[in-house]
Amino acid sequence: MADDGPVEHGYPHLDTVRDAITALYKRLSYDTVQTFATSVAPVDVAFADTDDLHLGAQRVAREMVRHYRLPDARPIISFREMTHAANVELTAGPEYFIELNDRFRTHRRDIGAALAHEVMHVYLHRLDLSFPGTRENEILTDTAATYLGAGWLLLDAYREDSASSQKLGYLTPEEFGYVLAKRALVFGEDPSVWFTSPQAYTAYVKGMAQARRDEQQPPLTAAGWAGRRRYAHDRRHAPGPAPQSGVPYAFSGDRGGSLRVSFPCPTCHQRIRVPVRGRVRARCSLCRTVLECDT
């Protein structure tokens, strides 16, 4: 939790975020991901200053449990002084003890954001899905909460001006915006209408631009002129030296001597391998996205 401290920007964790999206599709399946087409509604996690602190926190926690479809999980909420925003004790259940930072006693509108992250820890624990390393696992948790419809709250908790700053979660604001944009492109949902923070909206716009760039990389037909020209150059020299660093595709030969190209699916980032023979329509086996390619 960045509280009046420096807020990191940009995309330093982008590779891990993309790995997390792939892992979600692999562990949940396309059909299960589709059941999260509707995000948590603002009205369901609203928290007024006049609400009872503990009863209100329990209500919001139950909403997160409902959204993540954890009917036999019972979160028990308490507050204490700590460095981090929150902490959850992962056990066999059905009760899970969640501690929230004391600052949420007076910043109640952000309790939903903290619980979106902590209850997602429970969800991933139940799935037995994790990444090695604490930071990588926290990035997975932020990404999963956002992609499955509750993480817009985490981005909306980001506020920054010349005198103060606040950010929850391990992703940068732009990375939260990127994952929200990836979700929006899949489900046709516009989360920007729920933002109360203008900084959150700006980060979402930047994240959407980055997500759109995923759809404009060769060999996809939506690639721009410069990318297509670089791809044509690399194809002429394939399967020799690997293309220059920074390009998403790689060439290889098959047993029959034919050339193939592999590249990440712009939706789930699983690598797809198709023959190099001009116009090709490919279908990602993981997220079922149909891709128009010019190989």
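Student: Quick one on Y25 and Y147: buried or exposed?
Tutor: Both Y25 and Y147 are buried. Buried means under 20% relative accessible area, exposed over 50%, and partly exposed in between, with a 1.4 Å probe and protein chains only. Bear in mind that this is a predicted model, where local features need pLDDT of at least 70, side-chain atom pairs count only at pLDDT 80 or more, and totals for chains, interfaces and linings use all residues. Residues are numbered from 1 along each chain as its sequence is written, and side-chain values use heavy atoms, leaving out hydrogens and water.

Student: OK, aromatics then. How many aromatic pairs does the structure hold?
Tutor: Eight aromatic pairs. Rings of Phe, Tyr and Trp (its six-membered ring) pair if their centres lie within 6.5 Å; planes under 30 degrees apart count as stacked, over 60 as edge-to-face and the rest as tilted.

Student: Why is the pair of Y25 and Y147 called edge-to-face?
Tutor: Because the ring planes of Y25 and Y147 are at 70°, with the centres 5.8 Å apart. The pair also links distant parts of the chain, 122 residues apart: Y25 is in helix 1 (residues 14–28) and Y147 in helix 5 (residues 134–147). Helices (H or I, at least four residues) and strands (E, at least two) are DSSP runs, numbered from the N terminus.

Student: And what kind of pair do Y68 and Y123 make?
Tutor: A tilted one, because their planes are at 35°, with the centres 5.8 Å apart. Y68 is in the loop between helix 3 (53–67) and strand 2 (74–80) while Y123 is in helix 4 (residues 111–127), so this pair ties together parts 55 residues apart in sequence. Y68 and Y123 are both buried.

Student: Which cluster do they sit in?
Tutor: Ring pairs link Y68 and Y123 with F36. F36 has a charge over its ring as well: the charged end of R69, 4.4 Å from the ring centre. That label needs NZ of Lys or CZ of Arg within 6 Å of the ring centre and within 35 degrees of the ring normal.

Student: What's up with phi of S29?
Tutor: Phi is near 90° there, a positive value in a residue other than glycine. S29 is in the loop between helix 1 and helix 2 (30–34), and counts as partly exposed because its relative accessibility is 30%.

Student: And D128, what's its phi?
Tutor: Positive, about 60°, although D128 is not a glycine. D128 is in the loop between helix 4 and helix 5, and is exposed, with a relative accessible area of 67%.
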